[in-house]
Amino acid sequence: MAELSFTEEELQEIERIKAKFPTVKAATLRVLWVAQNKYGHVEPEVQSLVAETLDLPKSHVAGVASFYTQYYKEKKGKFVLDVCTCLSCQLCGGYDILHHLEEKLDIEAGETTDDGLFTVNEVECLGACGYAPMLQLTNDVYVNNLTKEKVDTLIENLKNGKKPEFESMAMPELEKRNQAASE
Amino acid sequence: MAQDWKSYEPLLIPDIPNLQEIDVYEDNDGYKAWKKVLSDQNKWSRNNVINEVKAANIRGRGGAGFNAGLKWSFMPEPDGGPRYLACNGDESEPGTFKDRKIFEYNPHLFIEGALIAGYAMKVDVIYVYIRGEYISWVHQLQKAVDDAYEKGYLGENILGTDVSMEMELTYGAGAYICGEETAMLESLEGKRGYPRTKPPFPAQKGLWNRPTTINNIETLANVPLIINNGADWYGNIGSEEHPGPILYGISGHVNRPGVYEYPSGVPVLDLINEVAGGIRGGKELKAIIPGGSSTPPLRADQLEGVTMNSDSLKDAGSMMGTAGMVVMDEDTDMVEVLWRIAHFYKHESCGQCTPCREGTGWLEKVLIKIKNGEGEMKDLDLLLDVGNQMEGRTICALADAAVWPVRHTINRFRDEFEARCKKSAHAVA
């Protein structure tokens, strides 16, 4: 792998992050995010870059990177599908969604498709319990109230480069609340 | 209950379109409480603000239910060094998904509450820590914070006064333990989220060893309501010992899952049958978990007359927690449910304390054995025994949170567990 480095723009962003806290160490999580957003993972050489940039021991950066699940310590597919199977999602069919994805993409949870396009993970509670089952797309938007059909459409869209947009889930509840009160 | 929940108008998430926009928020009395405090600092001295909040008896909405004003009063007198408020937006306990509604629909109410709290405790910087998965909501809250800065509600010499405060937003990267208050401080300091031993308590030695108070997002969103309307008014909302509006997260086998705002003390069965539209598919209710996965489950036959407030739920044998209720229908397999909860705690144990690191693994391992039909009756006692050896023997309460569901699910659904452990169920080789 070629020598890794941050661009001038990224270094400015890192300076902005450092200014938020009284110690440089406090910027570790955020700068790991900057690195992961750039390289798509934080493999050891990326951790070294973060450590050098912040002038912190590599062991510290490695310790932090390994503690938090959202940092990818190994390469992932272009699209990472984090399927929640925790309590509420389990009750509402989270495992059906996970197994449907495993079958459809012919991989097991934790694996990446041969074309490098999709990684499927089983993850712990994503805090979307009322919209179960759901998944998160590569540390970004939530895709809620999944059905097998909705999953199929999502995969087709992603193959065509069309990512889902942020979906607000609250206002319909308010309407329902009013409805419940009037019943 | 002081009022009928059906006639209640929401205060935390009112039905006002685009309330997340600062102009709309201002048009609806937004930042009125903050202006009120700043413009009459004699009347609204730091102590008076704390006393008003203490009298209102806002119980922390993060799960522990401690009086927020009392917590604020633990901050030592200023000594010239920096002081912090750390706002906990790391909700991750299965069943809990309420704070992001505030970020999305009424972020300025939270910001205003945090500012009043910061003023009362004389803090210099308010750190808001949100779970990394909520990146969409991080962006939404950041916009609200930027707008508040632009309008002069935040920063140097706020609204022309000598009060100055900064608000910084940051986020984690996937770790349930960072919702534990001291683990959150460690994470904010850029480290692994290992909980700290207490004492010293954060009010004495918190962020960077300086006085720090940690409050939940929903708790802080209640503060402007109290300043605007008074502690007496607040105390009349919902149940007496646990007053105020509550964001109820309802999930699982109901027709209309979601987050609903009502006063504290709504009957559990009303929440399920009327608010959430009853059980899906016309089935019977089997059990609920009232406030996040660590709160002990209750069987349907234990729910008659139980209301969503700490006293009533305690009498029924459970806890209020975060009011994130998970509802289960008659077909639910409690062995599978308990295994999945145990799996969560095993995955999320930080590994610092041996009883938790090893114990959560054992709980899961034995439950997998039972779930696979390979369990023996003595395994049920083993689970309870392992739990007894974990509880109260660790730095933080994650081990306790892992034990409670195991103990109470086995006790309250013992038949189901025993049926899975019966030797006669196995083929004789």
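Modeller: Between chain B and chain A there are 34 residue pairs in polar contact, both residues being at pLDDT 80 or more. A polar contact is a pair of N or O atoms within 3.5 Å; within protein, one must be able to donate a hydrogen and the other to accept it, and residues adjacent in sequence count only if both atoms are side-chain atoms. This is a predicted model, where local features need pLDDT of at least 70, side-chain atom pairs count only at pLDDT 80 or more, and totals for chains, interfaces and linings use all residues. Residues are numbered from 1 along each chain as its sequence is written, chains are lettered from A and ligands numbered from 1 in the order in which they are written, and side-chain values use heavy atoms, leaving out hydrogens and water.

Biologist: How many salt bridges are there between chain B and chain A?

Modeller: The count is 3, a salt bridge being a side-chain nitrogen of Lys or Arg within 4 Å of a carboxyl oxygen of Asp or Glu. One salt bridge joins E122(A) to R340(B), with 3.8 Å between the closest N and O atoms.

Biologist: What area do chain B and chain A bury between them?

Modeller: Interface size is often given as the accessible area lost when the parts come together. Here about 5,200 Å² is buried, 56% of it on carbon and sulfur atoms (accessible area with a 1.4 Å probe, summed over both parts). In chain B, the residues losing the most area to chain A are A173(B), R192(B) and R340(B), together 13% of what that side buries.

How values were computed
Buried area = accessible area lost by both parts, 1.4 Å probe.
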